[in-house]
Amino acid sequence: DNLQNDRRAFRHEDFIAELFRADFVVGNRTGPAFFAVESEPLGTVIPLIENFDHEYAFLGNDGPVFYFRTSLNAPKKRIIAIDIRNPKPEAYREVLAQQNEVMDNISVIGNQFVVETLKDAKTEVNLYALDGRHIRRLALPGIGTASGFSGKRSDTETFYAFSSFNT
């Protein structure tokens with residue numbers, strides 16, 4: 001069995017937690033498992049996701065609420081919130097539903113979800129509030145591909161690359 005850990009610490013007001021992502025290879029099945037570890041009391045380990053059935057990518061958190069991009073019940077992806085105080089799958093909250101296009105990349109920048117999709121062979125980028133409310137579509141300089149949206153949640157700007165037949 002192969003186990004690799006990616007450990008991140010998160011601080012939000014008085015809440016402190018650590019998120020562990022472990023990639024497991026068991027027989028012919030591979031996949032991530034996520035565990036949250038609360039600093040108080042006594043470093044309680046809380047299993048969040050422990051199966052190999054769907055894709056999960058950690059996006060960020062608001063205290064005990066952790067956001068993930070997932071293919072759970074959404075082959076084109078969606079965003080869910082898992083509250084570590086009640087991490088059972090039936091308590092997962094949908095933040096942004098599956099759309100007509102696949103959500104290729106999602107970042108949390110400036111307290112917003114930056115969602116990249118591909119529609120009619122061109123990139124579309126939409127900004128959403130953390131509650132899933134649509135804020136606006138980002139105007140790109142033409143028909144082409146945009147990528148590289150990255151940054152910290154507290155950043156007020158991000159940079160990206162854009163390519164097209166004209167650039």
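Biologist: Which residue of strand 11 is the bridge partner of Leu118?

Modeller: Strands of a sheet pair through backbone hydrogen bonds, in a parallel or an antiparallel manner. In this predicted model, the bridge partner of Leu118 in strand 11 is Thr123. Strands are DSSP runs of E with at least two residues, and helices are runs of H or I with at least four; both are numbered from the N terminus. Two strands pair if DSSP finds at least two bridges between them. Strand 10 and strand 11 are joined by eight bridges in the antiparallel sense.

Biologist: What is the strand order of the open sheet of four strands?

Modeller: The order is 9-10-11-12, and the pairing is antiparallel. Strand 9 and strand 12 (134-137) stand at the edges with a single partner strand each, so one side of each has no neighbour in the sheet. On average, neighbouring strands of this sheet are turned by 25° against each other, direction ignored; the axes are lines fitted to C-alpha atoms, for helices over the stretch in contact, and angles between N-to-C directions run from 0 to 180 degrees.

Biologist: Is Thr123 buried or exposed?

Modeller: Buried means under 20% relative accessible area, exposed over 50%, and partly exposed in between, with a 1.4 Å probe and protein chains only. Thr123, found in strand 11 (residues 122-129), has a relative accessible area of 8% and is therefore buried. Its side chain reaches the backbone nitrogen of Ala146 at 3.1 Å. Apart from neighbours within four places in sequence, Thr123 is in contact (heavy atoms within 4.5 Å) with residues including Leu118, Leu140 and Ala146.

Biologist: How many aromatic pairs does a search of the whole structure find?

Modeller: Rings of Phe, Tyr and Trp (its six-membered ring) pair if their centres lie within 6.5 Å; planes under 30 degrees apart count as stacked, over 60 as edge-to-face and the rest as tilted. The search finds five such pairs. The rings of Phe58 and Phe66 have centres 5.8 Å apart and planes at 45°, so this pair is tilted. Phe149 and Tyr160 form a stacked pair, at 4.8 Å centre to centre with 15° between the planes. Because Phe149 lies in strand 13 (residues 145-150) and Tyr160 in strand 14 (residues 159-163), that pair ties together parts 11 residues apart in sequence. Phe149 is buried at 6% relative accessibility, whereas Tyr160 is partly exposed at 35%. Tyr56, Phe58, Phe66 and Phe68 form one aromatic cluster.

Biologist: What is the value of phi at Asn73, and where is this residue found?

Modeller: Asn73 has a positive phi of about 55°, although it is not a glycine. Asn73 is found in the loop between strand 6 (65-70) and strand 7 (78-83), and at 65% relative accessibility Asn73 counts as exposed. Asn111 also has a positive phi, near 55°. Its place is the loop between strand 9 (103-109) and strand 10 (112-119), and Asn111 is partly exposed at 43% relative accessibility.

Terms used:
Residues are numbered from 1 along each chain as its sequence is written. This is a predicted model: local features need pLDDT of at least 70, side-chain atom pairs count only at pLDDT 80 or more; totals for chains, interfaces and linings use all residues. Side-chain values use heavy atoms; hydrogens and water are left out. A polar contact is a pair of N or O atoms within 3.5 Å; within protein, one must be able to donate a hydrogen and the other to accept it, and residues adjacent in sequence count only if both atoms are side-chain atoms.
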